[in-house]
Amino acid sequence: QSNVTVYGIADAFFGYGKMDDNKFTGVESGGWAGSRLGFKGSEDLGNGLKAVFTLEYGIELDDNEGVGSGASRSRQQFVGLQGGFGFIGLGRQYNPGYYVFKYDAINVIPFSPQFILAANQGSNIVAGTPARVSNAINYKSPDFGGLTLNAIYGFNEANQDNNRQAGDTAAVGAEYANGPLAIGLIYSQVKQDAGAIPTEKFNGVADDTKKEAYLGAAYDFGMFKLMGSYQIIKDATAAEDDNKVWQVGSVVPVSSAGKVHLSYGRTDADADDSDAAAWSLMYSHSLSKRTLAYVGYTQVDNDDNTAYSVLAKRTDETTGAPLFDEDSRNFLIGVNHSF
Amino acid sequence: QSNVTVYGIADAFFGYGKMDDNKFTGVESGGWAGSRLGFKGSEDLGNGLKAVFTLEYGIELDDNEGVGSGASRSRQQFVGLQGGFGFIGLGRQYNPGYYVFKYDAINVIPFSPQFILAANQGSNIVAGTPARVSNAINYKSPDFGGLTLNAIYGFNEANQDNNRQAGDTAAVGAEYANGPLAIGLIYSQVKQDAGAIPTEKFNGVADDTKKEAYLGAAYDFGMFKLMGSYQIIKDATAAEDDNKVWQVGSVVPVSSAGKVHLSYGRTDADADDSDAAAWSLMYSHSLSKRTLAYVGYTQVDNDDNTAYSVLAKRTDETTGAPLFDEDSRNFLIGVNHSF
Amino acid sequence: QSNVTVYGIADAFFGYGKMDDNKFTGVESGGWAGSRLGFKGSEDLGNGLKAVFTLEYGIELDDNEGVGSGASRSRQQFVGLQGGFGFIGLGRQYNPGYYVFKYDAINVIPFSPQFILAANQGSNIVAGTPARVSNAINYKSPDFGGLTLNAIYGFNEANQDNNRQAGDTAAVGAEYANGPLAIGLIYSQVKQDAGAIPTEKFNGVADDTKKEAYLGAAYDFGMFKLMGSYQIIKDATAAEDDNKVWQVGSVVPVSSAGKVHLSYGRTDADADDSDAAAWSLMYSHSLSKRTLAYVGYTQVDNDDNTAYSVLAKRTDETTGAPLFDEDSRNFLIGVNHSF
């Protein structure tokens, strides 16, 4: 009898993208969910206490890459204890903001307006961004009548004398789920490294911390599910911008196996003419309990000073100049299999 | 009950090689078959349809390398659907030519005349060469009375404006197997990248496609098995050569567990004095259903302008000059274990 | 029924270290034992013979690393045969000296005086140092009434003309275990590469081999266990030093689940004022058969010319100069889970 469960997701899609004259055609890994391979288990320690571990690695299904060779090669790796007090873990673990895909109607992260817009503001909490914290201690509370708390602190471990917290990540999340309603509130901050600090601010006080706040909600009306979010990303860059991203969406079951997914999102940025918008329309079809087919379209409507893209490049293939104010159009069809 | 089968091959051999004054002594991974670790599974979707996935990584059993860290670190990674229509998969998958080891009497790929000679002509279809295609769609037909078809298209995904197919791979294979007879016919092409294109050819028309055709056959006479192949590799290099490789071989059972394997191959190259030949003699002994011991010798007889090698280097250790017209002599003894 | 056992260790700790003004606070992988993920199996070949394999990879539980991406990314990878004659394996395997943690009271390798002092003399046999040999043939004898022999030879495989053994490793170990007594004797040598050879020695004869000898013992008195070792490391550097490391320690059960671990070690180095010492005090508590919590402290007392460290850096954060004659103080608390 094994102490380990081997699990994962194999997900790939055929995609076509266009942005100005740039055109992308290809096969990509991880549409509906990131392809992954994991190993997990638990051991009963008595008195309601359990030891748990998870080793989970990103897989580039389309490429010549090994287990955990991509950019998010280690999705999560931890050992921890679980009991009446909740969970405490040591290792590389998710930012509490990772779970906000619950308030996003578009499961296909790279095609999701929420992800595309937030990632371009420098967010690192929502899934698809670097929403993981290395060298971290994570605490998750038990369920208090639908309310759960989640806090993480990750040590950067680089500086040893001055500014020892530089690069450290701290985040907390509170989520409430009861019947048809789900609400999530996240706060996350990263102490900037010295080199990345916007050094002068109001009254000459250096503000060296990137801050993000996120509020999301979903309500299941039965006929359809409504979801949306509002996110503030502050001091993510030297420009010390205070940018906002919001999105609303809906998931509509149209048959026993089929669902239509819709989302619209917009940026409200400090910089001039930088309010990009994006929308997405998807259809998903469950082929079984563990296998799902999906097809969809996502468009980014760039502003005069933005060049956000999805599949095709955001820069002119010849000159390398950013493709400002161009639409990014993206189509995909894929299959997701969990094991 | 797990949805995943963990499988693989652990194969290592002690090898000794000599080429001119260069001598190699060492322990290598992957003689009889490349060492590997894989994860695969399938799910019944009803109506004869199945979802399938495979994640398979190369292992360097002798070195300080992780899972999938070598040159062919991802052997194959795909998700697909299988049914009455055949199989369709998305991911990194084998070129139809990968399977031509069926027409080769020498299973030990690095010691096989077919592999050594074809690899040196720039082939990338036979096993041991880069016979895998990233970002690929693969279709395999059902079995039509012994006949199967296999087609793959792999997107290079690099260029987005002109020459968008540059680097793309397209290949088809037809194989027939019935009783003692097996025949395979493969065609594969790779659109060369701009930098690698032989730009001028007949009438100033650029021919930017590397083409390979392969015909192989095997017949089992009971007392012994006879096999052979003929392969054309065209425009693999800027010299626009049209090179051929052929080999004949035989596998002779000599006891209930033992087999003798023999092969001879030769190159017919466009360039002057570049017709290298190679031969190999092996003995394999099944220790069980999953474990096999093997011992063998392979020699490459280089021509005046070739310096093909196996274990020892092909260049002078001191000067770095190619060792033209020298024999490469190679001995190995190893063990192969499947799990 | 699977032919593979998936196994491993997930181990992480919170650590705090201080050396002069350098301070480290963080979460690290692998305290009580290195985090790892492995795949192993065996097959009965009849007549008492078995085919065995092991693929075992290091895991950096705290970082964004894949399976086998760290410095000792491949812990061991081999295929072999086991029977009445003992074991013979091909692949990357442990130096016989790897197992000397049996004579060390401190399981937490990075905090063990034996490891810290030996690693700083350039040892590469004890666990924690590069105690693994690539391209290796390993022979282990059967148990002769408590006595076992272990021999390994690893080919460097780099040089092909002169000095072909350069970089090769050869090691032998003899261990005796009977009732409360365990004794181990190890000899290991590495032929230095040309560039690393101390070229002139007595009478102009080049001595190009790094040599290590180790004698360790443990005796279980029931109330406590006593252990110790003496190690000689010769010609590890161009200075051709002949350095010694010794340590004594004890493990004292204090309850049904708890143990106190104590160790003191010292270097006797050729160079002036280079005799660093280290001591460690730990407490371990078994939470179950597979899970253990541990807490401990290790201090290195550096000499006038040594700057050995554990968690905090050994060099001044600002100037980069070595922190000679400073104490390295280190605290940890962690959890180890085997699966």
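1. Which side chains meet in a salt bridge, N to O? In this structure, which is a predicted model, the side chains of R290(A) and E43(B) form that pair, with a distance of 3.9 Å from N to O. The cut-off applied to such a pair is 4 Å, and across the interface of chain B and chain A the rule finds one salt bridge. A reader new to the model may wish to begin with this pair and then turn to the interface around it.

2. The interface of chain B and chain A brings 36 residues of chain B into contact with 40 residues of chain A. Between them the two chains bury about 3100 Å², and 58% of this area lies on carbon and sulfur atoms. On the side of chain B, the residues that lose the most area to chain A are E43(B), V79(B) and Q160(B), which together account for 21% of what that side buries.

3. Polar contacts across the interface of chain B and chain A amount to 17 residue pairs, counted where both residues have pLDDT 80 or more. The elements of chain B that give two or more residues to the side touching chain A are β3 (36-46), β4 (49-58), β5 (74-83), β6 (86-94) and β7 (132-140). Among these elements, β5(B) gives the most, with five residues. By residue class, the side of chain B that touches chain A divides into 18 nonpolar, 12 polar and six charged residues.

4. Within chain A, strand β1 (residues 5-19) and strand β2 (residues 22-29) pair in the antiparallel sense over eight bridges. One of the residues that can be traced here is Y16(A), whose bridge partner in β2(A) is T25(A). The hairpin of β1(A) and β2(A) has two residues between the strands, and in this hairpin D20(A) takes a positive phi near 55 degrees.

Note on methods: Residues are numbered from 1 along each chain as its sequence is written. Chains are lettered from A and ligands numbered from 1 in the order in which they are written. This is a predicted model: local features need pLDDT of at least 70, side-chain atom pairs count only at pLDDT 80 or more; totals for chains, interfaces and linings use all residues. Side-chain values use heavy atoms; hydrogens and water are left out. Contact means heavy atoms within 4.5 Å. Buried area is the accessible area (1.4 Å probe) that two parts lose on being put together, summed over both. A polar contact is a pair of N or O atoms within 3.5 Å; within protein, one must be able to donate a hydrogen and the other to accept it, and residues adjacent in sequence count only if both atoms are side-chain atoms. Helices (H or I, at least four residues) and strands (E, at least two) are DSSP runs, numbered from the N terminus. Ala, Val, Leu, Ile, Met, Phe, Trp, Tyr, Cys and Pro count as nonpolar, Asp, Glu, Lys and Arg as charged, and the others, Gly among them, as polar. Two strands pair if DSSP finds at least two bridges between them.
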